[in-house]
Amino acid sequence: MKRVTVILLCLGLVLTANAQKYMTRNGYIGFFSGTPIEDIKADNNQVASVIDISTGEIVFQVLIKSFKFAKALMEEHFNENYLESEKFPKSTFKGKITNLAAVDFSKPGQYEVIVEGDLNIHDVTNKVSVMGSIEVIPGGINANSKFNVVPEDYKIKIPAIVRENIAKIIEVTVAIRYSPVDNK
Amino acid sequence: MKHLLGTFLCLLIFTSTLAQKDLMDILDDTTTQEINYTTATFKSTRVMNGHSIEKMPPGQLDFRISHRFGTLNSGPYEFFGLDQSSIHFGLEYGILKWLMAGIGRGTYEKTYDGFCKFTILRQSSGARLIPVSVSALSSVAITSVKWSDPDRTNYFSSRLSYVQQLLIARKVNQSFSVQIAPTFVHRNNVATEFDPNDLYAIGAGGRMKLTRRISFNAEYYYTVNRGSYMSQTVYDPLSVGFDIETGGHVFQLIFTNSLAMIEKGFIGETTGSWTKGDIHFGFNISRVFTLK
């Protein structure tokens, strides 16, 4: 009898351990570059991300080719000349919510968080710290953030001839809706 | 003892879940394989004179201005050809994802031309492996020079010629692309009865990227039944040059032995010879406008 209890307890632990993870494959990341000459905007709705609410760990994987632009030529230049997506197909982020205690995942509501970690773009990794919000909703988690990225920090070279067309600082928007990871 | 065993078992399971996989691995595991289409096999819809497999994306208009100057061997009096200029204007538009069409007008024989280019296959990796991109080109050219003999009965159809072309290209790696283009040219009317109405040619072209924005291109068309020519000596067109890409423009600087800028002209009507120095310097400028 005792053993059964122990095993049950054990199983319970296993189950809870799994329910700590939330995931998505179709999150959104977009970016915006605004200059007096032109505005450039791109959207990616195929962002993959996992968050582990027990540890506050959070990871992102973004396929560069999935960024969609209004102008096909911009998209081609973005992939060919700037991000070199054939050589570096993915951008990743691996980080942690530093103020995890501030979030009560059992209670629906909005919580401000700070996420720190390694952002890899164009095969260059930089430590970043961004502000964001976590919204606990029934059956899921929403995560939102807006932060700035400087192309130069990621060795993305912008030639003199288009330097006036591309902003020095690119605004990145993240909007993710996570669902619990199914147990298998 | 029993109790201990249970605890041990429990610990075992517990630790196995604790030794969680890295979160990034979870994403890697479930990453669905996607079809990864090859893009930018060539910078422009032309390799040099001839078409490349590339087409305008839907809603984009390409305004092309091409020049060919006189031959380099025409000497300093003609400023090595720069005093003479032959021009071709083109307006080319992407209609659907797989279809583009264009119209043009060239100095050479005062020719109007129109074409449609279809995408048949797209080179891809990932979930679907296709080694090459294939496009088909169909074009019509209408000359409008005055009849050489206005006294005889001249038919409008004599002004027409047609080109059917299959373009097969592979982007071998990030900087190197090659293309093979079997081509069929039909001229309704030719200079003499010795000249063939039908020409068969095979084009070969390639580009090598030198920097991210500059590439070296070369293109050669081998005319299979060129030997059957009698009325004039013609040569196979060889063109070499550079693609220079800026924001919305592609500049193509070209050295070629052909004066004509459309298939019907440079295949079978190229009278210049590289070895004799009949080399035309020229350029294509492509400016793309997004209409929708």
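**The cores, a helix and a buried histidine**

Me: Which residues of the largest nonpolar core touch the most other members?
Reply: This is a predicted model, and its largest nonpolar core holds 30 residues. Strands 1, 2, 3, 5, 6 and 9 and helix 2 of chain A each supply at least two residues of this core. The members that touch the most others are Val47(A), Ile51(A), Val59(A) and Tyr178(A).

Me: Which residues does a second, separate core include?
Reply: This second core has 13 residues. Among them are Tyr108(B), Ala141(B), Leu259(B) and Met261(B).

Me: With which residues is Tyr178(A) in contact, leaving aside its neighbours within four places in sequence?
Reply: Tyr178(A) is one of the core residues that touch the most other members, and Ile51(A), another of these, is among its contacts.

Me: What pattern does chain A follow along its sequence?
Reply: Chain A contains 2 helices and 9 strands. Read along the sequence, they give the pattern α-β-β-β-β-α-β-β-β-β-β.

Me: Why do the buried residues of helix 2 of chain A lie on the same side?
Reply: The buried residues of this helix are Met74(A), His77(A), Phe78(A) and Tyr82(A). They lie on the same side of helix 2 of chain A because the arc they cover around the axis is only 105°.

Me: Against which strands do the buried residues of helix 2 of chain A pack?
Reply: Helix 2 of chain A spans residues 72-82, and Glu84(A), with a positive phi near 50°, follows this helix. The buried residues of the helix pack against two elements of chain A, strand 2 and strand 4.

Me: Is His51(B) buried or exposed?
Reply: His51(B) is found in the loop between strand 1 (35-37) and strand 2 (60-71) of chain B. A residue is buried if 20 or more other C-beta atoms lie within 10 Å of its own. Because His51(B) has 27 C-beta neighbours inside 10 Å, it counts as buried.

Me: How many Å apart in space are His51(B) and Glu263(B), C-alpha to C-alpha?
Reply: In sequence, His51(B) and Glu263(B) are separated by 212 residues. In space, their C-alpha atoms are apart by 8.5 Å.

Me: What pLDDT does chain B average?
Reply: In chain B, 90% of the residues score at least 70. The average pLDDT of the chain is 89.

Key:
Residues numbered from 1 in each chain as written. Chains lettered and ligands numbered in written order. Predicted model: local features only at pLDDT ≥ 70, side-chain atom pairs only at ≥ 80, totals over all residues. pLDDT = per-residue confidence, 0-100. Helix = DSSP H or I, 4+ residues; strand = E, 2+ residues; numbered from the N terminus. Buried ≥ 20, exposed ≤ 12 C-beta atoms within 10 Å, placed from the backbone. Core = buried A, V, L, I, M, F, W, Y, C linked by C-beta atoms within 7 Å. Contact = placed C-beta atoms within 7 Å. Arc of directions from axis to C-beta.
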